[in-house]
Amino acid sequence: MRSIGHWVGGKPVEGGSGRAGPVYNPATGEQQASVAFASTEEVDEAVRTASAALVDWGVSSLSQRAKILFSFRELLNSHLAELAGMVVDEHGKVYSDAEGEVQRGLEVVEFACGIPHLLKGEYSDQVSRGIDVFSYRQPLGVVAGITPFNFPAMVPMWMYPIAIACGNTFVLKPSERDPSVSIRVAELWAEAGLPDGVFNVVNGDKVAVDALLEHPDVAAVSFVGSTPIARYVHSKATSSGKRVQALGGAKNHAVVLPDADLSFAADHVSAAAFGSAGERCMAISAAVAVGDAGDALVSALTERADAVVVGPGRDEGSEMGPVVTEQAKERITGYIERAAQAGARLARDGRGLVVPGHERGFFVGPTVVDQVTTSMEVYRDEIFGPVLSVLRAGTVDEAIALVNANPYGNGTAVFTSSGEAARRFHREVNVGMIGINVPIPVPMAYYSFGGWKDSLFGERRIHGPEGVGFYTRSKVVTSRWPAPRAGAGASLQFPTSS
Ligand code: NAD
């Protein structure tokens with residue numbers, strides 16, 4: 001059985017804690033590797049290595065950093081197929097989706113290649129006679145990233161390219177379900193010329209996470225994962241004085257107005273619900289049909305659900321792969337079962353789906369649950385599987401109120417042909433990322449990504465300009481260079497700008 005260890009100080013390190021977890025191939029249901037779980041001492045060693053590397057990296061020139069980032073970008077691009085394949089084999093998503101996630105991560109690297117421009121400061125000449133003021137940004141130190149299973153390549157890439165470009169050193173704790181791609185990325189960083197110790201990977205579980213959250217030499221933590229853990233990470237790390245951005249889970253609504261092109265809306269809502277087996281934080285898991293759009297929408301959605309080709313991610317014909325683990329499959333099918341018991345109508349039931357030749361794979365078919373109400377568990381909880389609930393609202397105002405009453409606020413979309421309704425929707429919903437006839441409105445790398453309410457704890461969103469702000473601290477310098485034998489002495493008055 002293949003063993004996956006850690007990456008510290010520019011080289012692979014075997015796990016020494018004696019603790020490890022299984023890594024499955026979700027398409028076959030077989031365990032394919034074992035991943036080491038770091039002990040507190042192993043995390044400490046990684047942080048100490050990152051602290052030592054900071055001495056040089058923190059003062060490296062902007063052109064050196066940009067040059068390494070450009071090389072890393074080239075290597076990611078030339079290894080895209082290999083990295084995507086690793087994602088497919090451990091996560092289960094289909095190959096085109098895995099390629100897409102590496103590509104979206106790569107775009108953050110491209111953004112970070114512009115670091116010399118992004119770190120430019122401000123300068124005010126002559127704020128008072130002979131006095132100038134300027135500001136600039138400095139790195140924080142050692143920063144940690146803790147990431148979820150669902151985008152094992154992309155989500156870490158939301159963090160470390162910018163953190164490293166800003167002059168920090170980085171310790172990544174990826175998901176224990178699909179850890180291989182992070183170790184491969186570490187090798188590519190080394191090949192790109194990144195000095196040893198600037199990028200480190202510790203694999204593990206809660207023990208490793210807690211060790212990072214408590215470590216006095218970790219200055220900041222970026223977390224992406226489920227809401228309960230995001231809340232925990234935010235509260236624990238801020239209480240030990242760290243800067244924290246903790247992105248949590250989601251329940252994303254697509255509101256379909258009666259004036260929408262129904263066929264277009266059904267295509268896009270179903271793709272956003274069932275793509276990557278619903279294991280996206282921006283997946284649509286609740287469709288809200290407004291006015292008389294409901295019945296026609298449900299029938300179009302069930303048609304689309306029936307047409308989805310479910311199979312192993314490596315098969316070219318597959319449009320949707322398995323879910324990540326047997327436990328995830330059981331959790332999802334449990335939700336479907338209880339939804340029916342609670343009085344919802346299973347317009348399509350994905351339980352019991354068998355993929356020939358992959359009978360032990362963790363497959364759940366596309367599921368459409370109609371007649372869902374806001375009090376039902378299937379609506380309240382984030383299911384993180386290919387389960388789409390359909391709710392009804394009388395008016396657009398009712399639909400907006402429904403979206404706003406939900407504790408999550410990650411993404412939402414409206415389908416309409418009315419500019420006025422779309423404008424009202426995006427202005428009035430309390431959600432961070434909004435699509436207008438776009439079902440998964442993931443911001444580009446040069447914007448920042450993040451939700452509202454229980455989908456983000458902390459002030460700064462991830463990547464884009466807010467990412468640069470998160471990974472740096474600014475200084476403002478007020479400066480005077482008096483001429484030799486210059487004028488009168490100092491005054492005791494509060495300084496003014498005359
Ligand atoms: P998760 O919260 O279970 O795990 C995320 C990370 O936290 C992993 O590295 C894991 O090892 C660690 N962790 C798990 N339990 C822990 C504990 N008790 N104490 C300390 N650390 C712990 O999330 P997941 O199942 O890997 O990923 C799916 C979740 O991530 C979904 O809720 C999804 O919506 C969310 N997500 C959110 C975004 C976003 O941008 N808001 C993006 C991707 C995924």
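This is a predicted model: local features need pLDDT of at least 70, side-chain atom pairs count only at pLDDT 80 or more; totals for chains, interfaces and linings use all residues.

Colleague: What volume has the largest pocket, and which residues lie nearest its centre?

Modeller: Rolling a probe the size of a water molecule over the atoms shows where empty space is left. Here the largest pocket has a volume of about 1000 Å³ (space filled by probe spheres on grid points joined across faces, edges and corners). A pocket is an open set of points on a 1 Å grid over the protein atoms alone where a 1.4 Å probe fits, with protein on both sides within 12 Å along at least five of seven lines. Its lining (residues with an atom within 4 Å of a point) numbers 47 residues, with Pro 148, Phe 149, Arg 177, Ser 226 and Ile 229 nearest the centre.

Colleague: Where does the largest pocket lie?

Modeller: It lies between domain 1 (2–248 + 455–477) and domain 2 (252–436), because both give residues to its lining; the bounds come from an automatic or database domain assignment.

Colleague: Which residues have the most contacts inside the largest nonpolar core?

Modeller: A nonpolar core joins buried (under 20% relative accessible area, 1.4 Å probe, protein chains only) Ala, Val, Leu, Ile, Met, Phe, Trp, Tyr and Cys residues through side-chain atoms within 4.5 Å. The largest has 69 residues, and Trp 158, Tyr 160, Phe 170, Trp 189 and Phe 199 have the most contacts inside it. A second, separate core of 67 residues includes Val 255, Ala 272, Val 364 and Ala 421.

Technical notes:
Residues are numbered from 1 along each chain as its sequence is written. Side-chain values use heavy atoms; hydrogens and water are left out. Buried means under 20% relative accessible area, exposed over 50%, partly exposed in between (1.4 Å probe, protein chains only).
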